Amino acid sequence: MDILNLEGAEDTPKIILDKKNGIFEISGRSLPEDSAEFYRPVLEWIEAYQASPNATTEFVFKLEYFNTASSKLILDVLSALEDVKGIKVIWCFHEDDEDMEEAGEEFSELVEIPFEFKTY
Amino acid sequence: MNYIYDLHRTMMEQKLILVYEGDFTQETTKSILAMAERNLDSSAEESSTKRKVFNVMVEALQNIVKHSSEQGLKAGSLISKSAIFMISKTDSHYCVMTGNPIPKNHKEGLIDTLNLLNSKDKDGLKEMYKEIIKNSQISDKGGAGLGFVDMARKSGEKLEFLFAEMNEEYDFFCLKVNVPRDKE
């Protein structure tokens, strides 16, 4: 399966989805002009991955900031991950960033996926 | 040329640290955010306050970008370019303020939305956020319908707003979002 590798920018997150090496991570800032367009390849990649996932998948979110349009798409990504067997979400937030912690908790209440919370 | 000094004095009196008037795009949004961020960093603000201000700025700016593109198509560049964005800083608060033209027939819906938000407490806003994010679709304009809810949550205070009469078709929608400064 192809690796999805998007370089981060000041308004878009860095994304690596690499089945072979077991790396699944979205990090940085997400406030793209068109969030639906930006996250489309991510959703397509996950859809393809659902057919033959690794035995376990740890999907890491390490976001510093995301806007509300991105939050809707992050929920779409999480919903797509619900159909991946052996999925676990690692939600990382800066130790003094209560808003990012709360955002993770809210997402965890909206989908049926185990969440693990980590500070950095 | 007196207006130069007048404008300067107004900015000092109102404790404005940044004012932008003109065309709003994703590119200008990024530039404004970078400028405001440098300002926040140089004043050694608490990181939680910084994050909240940044958050409110993004939603406020992207609201204008979305609306001015829509209005611009309808009304030509005069309307789309006549928006304003500013930030003030007092001892107790940062205030993110925006002003942009909206068609008069949008006014009532906007007032209802803002009054509804202002009637909710912290938990009420959280419920509203979750309800909208679950059920909404991203609009053609790229919005999730969550911008005002998010601004209200990050602010923790009531959203202040006012409509100034522009002409028979448009009102100038003024919004002020107060973000308390954390002092530890």
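Reader: Which residue stands opposite A:V89 in strand 6 of chain A?

Author: This is a predicted model, in which local features need pLDDT of at least 70, side-chain atom pairs count only at pLDDT 80 or more, and totals for chains, interfaces and linings use all residues. Residues are numbered from 1 along each chain as its sequence is written, while chains are lettered from A and ligands numbered from 1 in the order in which they are written. Strand 5 (residues 87–93) of chain A runs parallel to strand 6 of chain A, with five bridges between them (strands pair if DSSP finds at least two bridges; a strand is a DSSP run of E of at least two residues, a helix one of H or I of at least four, numbered from the N terminus). In strand 6 of chain A, the residue opposite A:V89 is A:F115.

Reader: How many residues of helix 7 of chain B are buried?

Author: Among the buried residues of this helix are B:F148, B:M151 and B:S155. Helix 7 of chain B is largely enclosed by the rest of the structure, because of its nine residues the number buried is eight.

Reader: How are helix 6 and helix 7 of chain B directed relative to each other?

Author: The axes of helix 6 (residues 122–135) and helix 7 (residues 147–155) of chain B come within 10 Å and cross at roughly 150° (axes are lines fitted to C-alpha atoms, for helices over the stretch in contact, and angles run from 0 to 180 degrees between N-to-C directions). Angles under 35 degrees count as roughly parallel, over 145 as roughly antiparallel, 65 to 115 as roughly perpendicular and the rest as oblique. The two helices are therefore roughly antiparallel.

Reader: Which residues of helix 7 of chain B make the contact with helix 6 of chain B?

Author: Helix 6 of chain B contributes B:L125, B:M128, B:Y129 and B:I132. From helix 7 of chain B come B:V149, B:A152 and B:R153.

Reader: Which helix of chain B gives the most to the side that touches chain A?

Author: The contact takes 21 residues from chain B and 20 residues from chain A. Helix 2 (26–42), helix 3 (47–75), helix 6 and helix 7 of chain B each supply at least two residues of the side of chain B that touches chain A. With eight residues, the one that gives the most is helix 3.

Reader: Which residue stands opposite B:L162 in strand 5 of chain B?

Author: Strand 4 (residues 160–165) of chain B and strand 5 of chain B run antiparallel and are joined by six bridges. A hairpin connects strand 4 of chain B to strand 5 of chain B through four residues. Opposite B:L162 stands B:C174.

Key. Two residues are in contact if their C-beta atoms, placed from the backbone, lie within 7 Å. A residue is buried if 20 or more other C-beta atoms lie within 10 Å of its own, exposed if 12 or fewer, and partly exposed in between; C-beta atoms are placed from the backbone.
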